[in-house]
Amino acid sequence: MNRIDQRFSELKQQGRKALIPYITAGDPAPHYTVGFMHALVEAGADILELGVPFSDPMADGPVIQKACERALQQGTRLVDLLDMVAEFRQADTTTPVVLMGYLNPIERIGYEVFANKAASVGVDGVLVVDMPPEEAEEFGPLLKARDLAAIFLVAPTTSHARAATICAHGEGYLYYVSLKGVTGAATLNAEDVANHLAPLRGMTDLPLCVGFGIRDGATAAEVAKVADGVIVGSALVNRIADSLDAPETIAGQLKSVLAEMRTAMDA
Amino acid sequence: MTVSATETKFSDLTRMPDARGHFGPYGGRFVSETLSFALEELEQTYLSLRDDPAFQAEFDRDLAHYVGRPSPLYHAERWSQSLGGAQIWLKREDLNHTGAHKVNNTIGQALLAKKTGKPRVIAETGAGQHGVATATVAARLGLECDVYMGAADVQRQKLNVYRMHLLGARVIPVESGTRTLKDAMNEALRDWVTNVDNTFYIIGTVAGPHPYPQLVRDFNAVVGREARRQSLEQIGRLPDALVACVGGGSNALGLFYPFVEDDAVAMYGVEAGGDGLETGRHAAPLSSNAPRGVLHGNRTYLMSDEAGQVSDTHSISAGLDYPGVGPEHALWKDVGRVNYVAANDKEVLEAFRELTHMEGIMPALESAHALAHAKVLAPTMRTDQHIVVNLSGRGDKDIMTVANIDGIEF
Ligand SMILES: Cc1ncc(COP(=O)(O)O)c(C=O)c1O
């Protein structure tokens, strides 16, 4: 069984919701990333989303744009991310890892080569922001064949018909984008999120995880009431950005941000 | 991805894109989910209107009375004679209202915006011509207008920035990335994703996600339809060659598309050679044989490094300074219908000065790329052969750039 499915079935048994932190790999420098991953797991992460830095992150706000710039300045490439996952797996064989990013770095490596490598280092899912299911006809089956989950986004603007298509193709979990906007934008409206999740429940058994606009324990707890998982990105990446002159303090800060959310969600 | 370009026949080229916006292996709709709905809506609006005689009539009327079409096909006799070969004819898009071909498309998209009832339009711009054309139609229709422009381009195209201000648009300088056209497009997409309910995104070239490459082509195809008819009237036959500059590729497709089945008409798309293809400092994805890639919603030839990061580009002309190219051009390159070549900055300046001196027509630096290639091509042809060059815009906006090169400060 894929580690993501395994994790959600455990959580379900425990009656808990998934906490899914996102960081951009290579930010502030590649040698920190694996340490951050372990720190996040210690603070209560159930699944890790590892961002693949890209030169043109069209769906991201300034916080993650800058994270991409820092990571790229340090020369972080997709192949380096795969090495990071391999290193992470030496000490952690159970926490699912999802790579999240844009299509071009994957196109450049080649779908099949990427899928082989990702599967062999222990990646569990792939979320390509600019690849809706209609454009995943070639890539999707290559992932599936290697037991890698193809994770797709659902947005507030997604029509009923599109949602059905996405549910039919999605694996691992559905990533519900809580608001119209880029990452790091304004806070979400939990009632609005609940209203959008309800019809999805009728279409799929996939866990529904919510991202965009979750910044602290309070918003995390609110969303956890209606969703199966909570995804937090910019709030963590902000801590990295604020501590560039004291990078040795970052892991501890990430832990405290995440631990606060964990506590609030489990309360 | 399933159709390989090599299986595509020339006659198939008139039937592109397919229902999902693919031009063979290129094009498509690679966007984040939030935008999918808006693109489906736009596609439906466009498909329902494009064969609607009332919509066409309104478009034609605006082109005639607001833009000033048809634009003339002008025989540059003195310049042709000095080059000593083929006769060069200039399709005078520089004479359009606002000074470039860009307005053909903004008129069309503004009509679509009006149908959707959205009160706000946004645009990205490089040289500022598309921004000016968008600000112009927005002023005319009373729409709120925000234009994203790379901070480097704001510097080198100050005149157009002020024109947009005068027209009531807000120009938002983009400081991220390379601070040029690609970054302006990133920022416009971020705005659209945030304000998709009340905002219509007027894309300025035959790139972006489906259906933009198709509809921008269709709105610009008036250039080629006129040029074809004018050639028959003024030359007495079709021209032997067409030449147009290629940034995203809208003026080139506009001219080429109505000739695509005329096999005897050769076509040349001229990209920005910058400091020269061999230096790597250019903006010529097709002629430098860049790898395939995905950016801004479509698959195409895309200048990027081995890790898939999009490359910095360089060109004297802000309007061509873009690492990708419209997906239909990518297909036309693969099937061999168009020859894609590059002209470097130095050749472009020479052509700019030559046309200004010999014909009293000051071309945009973008259009001067096409002229630079015509200069190379004409002497290889006979004097009874004919080349139509798309003079896509006028050069007023570039006077500062050229003055700076001449060491003159205002
Ligand atoms: C006069 C002129 N020609 C050409 C271009 C390049 O665009 P395209 O390749 O879409 O025609 C521009 C873009 O700004 C322009 O202003």
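Predicted model: local features only at pLDDT ≥ 70, side-chain atom pairs only at ≥ 80, totals over all residues.
Colleague: Let me start with one residue: with which residue does B:Arg20 form a salt bridge?
Modeller: Residues are numbered from 1 along each chain as its sequence is written, while chains are lettered from A and ligands numbered from 1 in the order in which they are written. A salt bridge is a side-chain nitrogen of Lys or Arg within 4 Å of a carboxyl oxygen of Asp or Glu. For B:Arg20, the closest N and O atoms are 3.4 Å apart, and the partner is A:Glu137.

Colleague: How many salt bridges does the rule find across the interface of chain B and chain A?
Modeller: Side chains of opposite charge can pair when their charged atoms come close. Contact means heavy atoms within 4.5 Å, and 40 residues of chain B are in contact with 38 residues of chain A. Across this interface of chain B and chain A, the number of salt bridges found is six.

Colleague: What is the area buried between chain B and chain A?
Modeller: Buried area is the accessible area (1.4 Å probe) that two parts lose on being put together, summed over both. Carbon and sulfur atoms give 48% of the area between chain B and chain A. B:Glu33, B:Arg190 and B:Gln309 supply 22% of what chain B buries against chain A, more than any other three residues. The area buried between the two chains is about 3100 Å².

Colleague: Now inside chain B: what separates the centres of domain 1 and domain 2 of chain B?
Modeller: The bounds come from an automatic or database domain assignment, which gives domain 1 (5-61 + 102-216) and domain 2 (69-100 + 221-405) of chain B. Their contact takes 46 residues from domain 1 of chain B and 53 residues from domain 2 of chain B. Taken over C-alpha atoms, the separation of the two centres is 21 Å.

Colleague: On to helix packing: at what angle do the axes of α1 and α8 of chain B cross?
Modeller: Helices (H or I, at least four residues) and strands (E, at least two) are DSSP runs, numbered from the N terminus. Axes are lines fitted to C-alpha atoms, for helices over the stretch in contact, and angles run from 0 to 180 degrees between N-to-C directions. The axes of helix α1 (residues 33-50) and helix α8 (residues 181-195) of chain B come within 9 Å and cross at roughly 80°.

Colleague: Are α5(B) and α7(B) roughly parallel or roughly perpendicular?
Modeller: Angles under 35 degrees count as roughly parallel, over 145 as roughly antiparallel, 65 to 115 as roughly perpendicular and the rest as oblique. The axes of helix α5 (residues 129-141) and helix α7 (residues 158-166) of chain B come within 9 Å and cross at roughly 10°. The two helices α5(B) and α7(B) are therefore roughly parallel.

Colleague: Last one: where is B:Pro70 found?
Modeller: Most residues other than glycine have a negative phi, and most peptide bonds are trans. A cis peptide bond joins B:Arg69 and B:Pro70, with omega about 0°. B:Pro70 is found in the loop between α2 (53-67) and β3 (73-75) of chain B.

Technical notes. Heavy atoms only, no water.
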